[in-house]
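Me: I would like a close look at a single part of this model, with the cut-offs stated as you go.
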Amino acid sequence: MNRNGMMFLTFLCGCVVLTGCSKGPGPEALSTPVKLPLTIYADNYPVAYFTERISGPLAKVILPVAADRDPAYWKPKEEDIARIQAADLIVLNGADYSKWSTLMSLPPSRVVDTSRGFKGRYMYIEDAVVHSHGAEGEHSHAGLASYTWLDPDQAILQAEAIAKELKAKVPAESKAIEERFDGLKKDLTLLRERLQKLADKKNEPLLASHPVYDYLARHAGWNLKSVHWEPDELPGDEGWKELTKLLEKHQARWMIWEGTPLPETVQRLNALGINSVVFDCSPNRPKEGDYLTVMNHNLDELSRVYDYEPDGASPASH
Amino acid sequence: MGVIGLAFRYVLFHWGRSALLVGCLTIIAYLPLAISWLTQTFQSQLSSRASSTPLLIGKKGSRFDLTMNALYFEGRAIDLIPQKEFERVEETGLARAIPLSIKHRARGAPIVGTTLDYFEFRKLKVTAGAMIGRLGDCLLGHNVARRLGLSPGDGLLSDPDNVFDIASSYPLKMRVAGILHRSFTPDDDAIFVDVKTAWVIDGIGHGHDDVAKADPSLLLEKGEKKVVASAAITSYTEITDDNINTFHFHGDPANFPLTAIIAVPHDEKSGTLLAGKYLSADERMQILRPTTVVGELLGMIFRVKRFFDLQSGFLAVATLLLLGLVMTLSARLRAREMETLFKIGCARGTISLLHLAEWLIIASASAILVGVLLALTLSFAPQLMRAVLF
């Protein structure tokens with residue numbers, strides 16, 4: 001065979017091989033290569049804390065909300081959206097906690113809804129204003145109670161969901177992730193035991209300044225009713241009327257606050273025989289300490305409620 | 001004047017006969033080539049799309065309609081499935097699910113409601129603007145953007161479902177967030193939105209002023225815990241940074257409608273296990289492998305193609321016989337002319353060369369025409385195939 005003949009044969013073989021190979025794109029898996037450390041965005045401090053504890057050096061965990069803002073009502077800017085969409089993992093509290101996450105476009109394959117595992121136990125905020133219009137029927141905009149982490153059992157489940165996703169993301173680090181999760185679970189279990197000891201003491205009517213303690217109340221078996229007061233605002237006449245009406249059926253002696261209430265409010269509550277205690281839900285990163293520090297401090301504060309005897313010394317209320 | 005010149009003058013002088021011959025040859029060559037190339041284009045379009053989509057889940061019914069809807073955003077409307085089917089796939093842990101809601105159109109193009117995973121899965125990149133960021137954003141396929149002359153930042157109104165039904169959902173003015181890179185797939189002809197935006201267009205989600213603070217004339221009832229507004233309270237028809245937080249959805253999200261779900265199994269075994277979960281007799285969903293469905297569809301098409309091939313074959317034979325007849329008759333008619341040429345000193349070989357040159361000119365003209373027609377056919381093939389078949 002001459003040189004031209006050989007070249008032609010080579011060309012023909014090349015064509016056959018190429019034709020045989022070109023079967024079009026095959027099924028694509030939705031997994032992108034993992035580059036450590038992972039970039040993880042969280043929508044509130046508790047899940048950010050759990051992620052930091054479980055991931056250790058494997059991830060950089062970002063809570064993109066300014067320290068003085070409530071993460072539930074944060075509004076991301078265009079550049080925030082692009083950054084969150086590009087993250088390796090987006091850890092959400094779930095239970096409709098962050099409004100922005102329901103209005104933004106997120107890639108479900110990289111989103112961990114940490115409370116999805118117990119969605120059957122979600123609670124709806126009682127006493128929310130219901131409205132209806134058009135043909136859609138009655139509905140409420142208040143929706144789900146979303147402070148799920150306040151129930152320590154649920155907090156453990158949320159941490160477990162994060163650990164599971166991290167193990168799937170970095171299988172080579174599964175053992176280390178599991179060990180770190182066990183450490184966190186131990187700490188959360190200690191919190192649960194402390195809370196249980198307090199709850200076992202007595203069951204008296206309690207008030208909450210805001211309807212955010214539903215899961216905590218259910219876990220601890222509290223008899224809790226909520227008003228809609230802000231710690232840094234004076235309740236208006238409507239607010240006091242609402243409280244007076246509530247006290248007729250629910251004779252509480254303690255009101256639990258998310259933050260330190262104004263002295264005027266505390267004084268007026270004291271006049272009604274109601275003491276104030278702060279239980280910081282810690283939705284955003286604390287100025288000092290961490291999640292466990294804040295929760296332990298909350299339990300210290302709560303012990304005042306349970307140790308309080310009305311005929312004894314006056315309460316060291318806020 | 002040489003042989004070629006003489007032949008050219010002859011062909012031009014008898015332009016009617018020459019045009020007829022060019023036409024005959026063109027049809028003989030063009031028809032089988034065009035049909036073959038078109039079917040190849042169609043086959044490669046269907047096959048590549050199908051082979052890049054591992055599994056499809058939808059309501060039990062026509063497999064072809066489900067595949068056409070979910071893969072090509074065309075075909076008859078199919079029964080919808082609840083969103084809990086998406087959760088069902090996710091909860092198996094065997095595959096990632098990508099929801100698809102394909103119910104609405106905007107200026108003739110289908111609006112595809114999905115999640116960001118779809119773009120990652122199809123390897124679609126944004127060439128201008130940005131990815132869908134929030135509720136109300138849309139991404140335009142390359143062809144849609146070009147046809148509608150839209151660019152990032154522009155608005156695009158969804159088509160109303162029924163212009164005669166004033167109680168139906170309002171069209172939504174979407175914000176064009178970006179334009180997708182050309183992919184030479186049906187994605188080029190679609191408008192993509194977040195699946196939640198598709199639900200807003202459905203009327204399941206909407207935004208409006210606080211009902212509790214609304215004009216009393218718009219309220220039917222206002223109690224301490226319950227406010228009933230009349231249908232006159234207007235919903236926003238555009239989602240902006242100012243009103244986005246008023247948007248909300250009605251009903252149980254588990255029942256929100258989807259057209260289909262693309263399931264991307266982690267491996268072959270997971271795919272088989274997932275398919276097995278949809279085999280029970282009382283199952284209301286169907287799971288299918290698009291490659292199988294498209295294979296069946298192509299099988300039918302190729303049976304039709306064989307008929308076309310046969311027809312083209314017969315046509316070619318008939319035309320060639322006709323050409324033979326024309327050539328024989330032409331030679332007889334020109335017998336005296338050839339004799340004259342011979343008598344004035346033209347060699348017999350030159351006379352044969354003259355005949356050959358005439359036929360070569362006709363064949364060349366025909367080849368050029370076939371080339372032009374094939375180029376036109378190929379450039380319009382994808383649109384033509386979609387217009388004819390879907």
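Is Trp229(A) buried or exposed, and what is its relative accessible area?

Reply: This is a predicted model, in which local features need pLDDT of at least 70 and side-chain atom pairs count only at pLDDT 80 or more, while totals for chains, interfaces and linings use all residues. Residues are numbered from 1 along each chain as its sequence is written, chains are lettered from A and ligands numbered from 1 in the order in which they are written, and side-chain values use heavy atoms, with hydrogens and water left out.

Trp229(A) is buried, with a relative accessible area of 3%, where buried means under 20%, exposed over 50% and partly exposed in between (1.4 Å probe, protein chains only). Over all chains the structure holds 20 aromatic pairs, that is, rings of Phe, Tyr and Trp (its six-membered ring) whose centres lie within 6.5 Å, with planes under 30 degrees apart counted as stacked, over 60 as edge-to-face and the rest as tilted. One of these is the tilted pair of Trp229(A) and Trp257(A), at 6.2 Å centre to centre and 45 degrees between the planes. Trp229(A) sits in the loop between strand S8 (223-226) and helix H8 (237-249) of chain A, whereas Trp257(A) belongs to strand S9 (residues 254-257) of that chain, so the pair ties together parts that are 28 residues apart in sequence; helices (H or I, at least four residues) and strands (E, at least two) are DSSP runs, numbered from the N terminus. Elsewhere, Tyr45(A), Tyr49(A), Phe50(A) and Tyr291(A) form one aromatic cluster.
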